[in-house]
Amino acid sequence: DAVIDDFSNPDNKTVRYIIVESLDTMKPVSKSGEFNVDADYYPGFVRKAVTFSFDDGPTLSSDNKVMDKLSASNYKATFNLITNTFLYENGTVYPTDTTYTAYNTTGFTAGNNSEAVYDAYCSKVFSQFVTNIEKGNHEIASHSRYHLRFNAESNPNASGMCNKDDIKSSLLIGKKSLEKWLGSKVRGFAYPYGYPGTSGKQFVDYLSEIGTCYARQSGYTGKFDIPSDFMNWTCTSYFAGVSEADLSAKSTEFWNLADDGELKLFSLWGHSWEFDAKTDVREDTWSKLDKIIADMDSHKGEFWNPTNIEFYDYIKAKESLVITDDSVYNPSDIDVYVTINGVKKVVS
């Protein structure tokens, strides 16, 4: 017959209640009803997410234009940088008018390389890039040191695979130089020229060994699936790979998807410099980006827009949930969104 109407806890201590049928026998009350947990939610209790990923920066003025467009609606993206274009191996930014070698994509082959200059224009663009990255909370990931081609599988017309030691060096130094410059870990990567294929598996394994959590390739699926293999992350679409009409139709398809209880991801990648190109399917691609952003603006509150590493971390946190017959435990350091018997809960 005992009822607790109120309990004051001035010492802020943990309190456990044991509810029993009889104080004599201490027999627990049987649990009534079901304990149904639905963990298929993104932050904000939504089931749709949109991610952006852009390669080849950071001395491209078009990168800054991309960020200006995204920031106008508070959207984020991941930028994958080639460190040889702006950083020494020790993480120090090039002084103005530094000459560096732009290596041929198939290796350090004499006669096939060219020289480039980190000049005053590059310095100005880079300075704005840094400001935009910090202001928009965008992610910086690696696109390797020298953008070498991993093998001929990713391009049948290529002359062959680069020296494996050169490739590993490009992967490691690209990551480490970024980390020294940023003062923080770099956990994301984008493959130059696409997933390295069967003969390049050693490089996929090596990326994992040096602390890479995900690696995005340059193909696209047309699907809205969560990556089944984060070391071979294939996006939904590639900006320059499809026509404006087809990309618009894909966006419409995504927003019209009914809630079937499963998570959906609309992931897009590209090169910002392609938005200025005027050939083939690359014509007028700034309007492609504008259309995607406009569609997102029309669906505020229906989706989550993380960077690639934020998406990876959340999925891993969700997968780590321990759900029993009557409890949900989150061992990660990231809040996970669930419903329990239809009630929204944030499991910290």
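These are my notebook entries on a predicted model of one protein chain.

**Entry 1. Overall composition**

I began with the chain as a whole. I counted 7 helices and 15 strands in the protein chain. Of its 348 residues, 48% are buried. I then looked up the sequence separation of the contacts. Taking contacts between residues at least 6 apart in sequence, I found that 69% join residues at least 24 apart.

**Entry 2. The sheet containing strand 1**

I looked up the sheet in which strand 1 takes part. It is an open sheet of 3 strands, ordered 1-14-15, and the pairing is antiparallel. Which strands stand at its edges? They are strand 1 (37-38) and strand 15 (343-347); each has a single partner strand, so one side of each lacks a neighbour in the sheet. Strand 1 is joined to strand 14 (residues 336-340) by 2 bridges, and the two run antiparallel. Within strand 14, I noted isoleucine 340 as the residue opposite valine 37.

**Entry 3. Helix 1 against helix 6**

I next examined the packing of helix 1 (residues 61-71) on helix 6 (residues 286-297). Their axes are 11 Å apart and meet at an angle of about 25 degrees. I therefore record helix 1 as roughly parallel to helix 6, the cut-off for that term being under 35 degrees. The crossing of helix 1 past helix 6 is right-handed. On the helix 1 side, the contact is made by Ser62, Lys65, Val66, Lys69 and Leu70. Helix 6 contributes Trp286, Leu289, Asp290 and Ile293.

**Entry 4. Backbone geometry**

- The peptide bond from glycine 57 to proline 58 is cis, with omega near 15 degrees. Proline 58 sits in the loop that links strand 2 (48-57) to helix 1.
- Asparagine 74, which is not a glycine, has a positive phi near 60 degrees. I located asparagine 74 in the loop between helix 1 and strand 3. Its relative accessibility is 69%, so asparagine 74 counts as exposed.
- Histidine 147 is another non-glycine residue with a positive phi, about 55 degrees. Histidine 147 belongs to the loop between strand 6 (139-142) and helix 3 (164-182). Is histidine 147 buried or exposed? With a relative accessible area of 15%, histidine 147 is buried, because the cut-off for that class is under 20%.

**Entry 5. Asparagine 80**

I turned to asparagine 80, which lies in strand 3 (residues 78-81). Asparagine 80 has a relative accessibility of 1% and therefore counts as buried. With which side chain does the side chain of asparagine 80 make a polar contact? I found the side chain of aspartate 55 as the partner, at 2.7 Å. Setting aside neighbours within four places in sequence, I listed the residues in contact with asparagine 80: Ser53, Phe54, Asp55, Asp56, Gly57, Ala141, Ser142, His143, Phe189, Ala190 and Arg216.

**Entry 6. Threonine 101**

My last entry concerns threonine 101, in strand 4 (residues 98-102). Threonine 101 has 28% relative accessibility and so counts as partly exposed. Not counting residues up to four places away in sequence, threonine 101 touches Asn84, Asn113 and Ser114.

Terms used: Residues are numbered from 1 along each chain as its sequence is written. This is a predicted model: local features need pLDDT of at least 70, side-chain atom pairs count only at pLDDT 80 or more; totals for chains, interfaces and linings use all residues. Side-chain values use heavy atoms; hydrogens and water are left out. Helices (H or I, at least four residues) and strands (E, at least two) are DSSP runs, numbered from the N terminus. Buried means under 20% relative accessible area, exposed over 50%, partly exposed in between (1.4 Å probe, protein chains only). A polar contact is a pair of N or O atoms within 3.5 Å; within protein, one must be able to donate a hydrogen and the other to accept it, and residues adjacent in sequence count only if both atoms are side-chain atoms. Contact means heavy atoms within 4.5 Å. Two strands pair if DSSP finds at least two bridges between them. Axes are lines fitted to C-alpha atoms, for helices over the stretch in contact, and angles run from 0 to 180 degrees between N-to-C directions. Angles under 35 degrees count as roughly parallel, over 145 as roughly antiparallel, 65 to 115 as roughly perpendicular and the rest as oblique. A crossing is left-handed if the near helix is turned anticlockwise from the far one by less than a right angle, and right-handed if clockwise.
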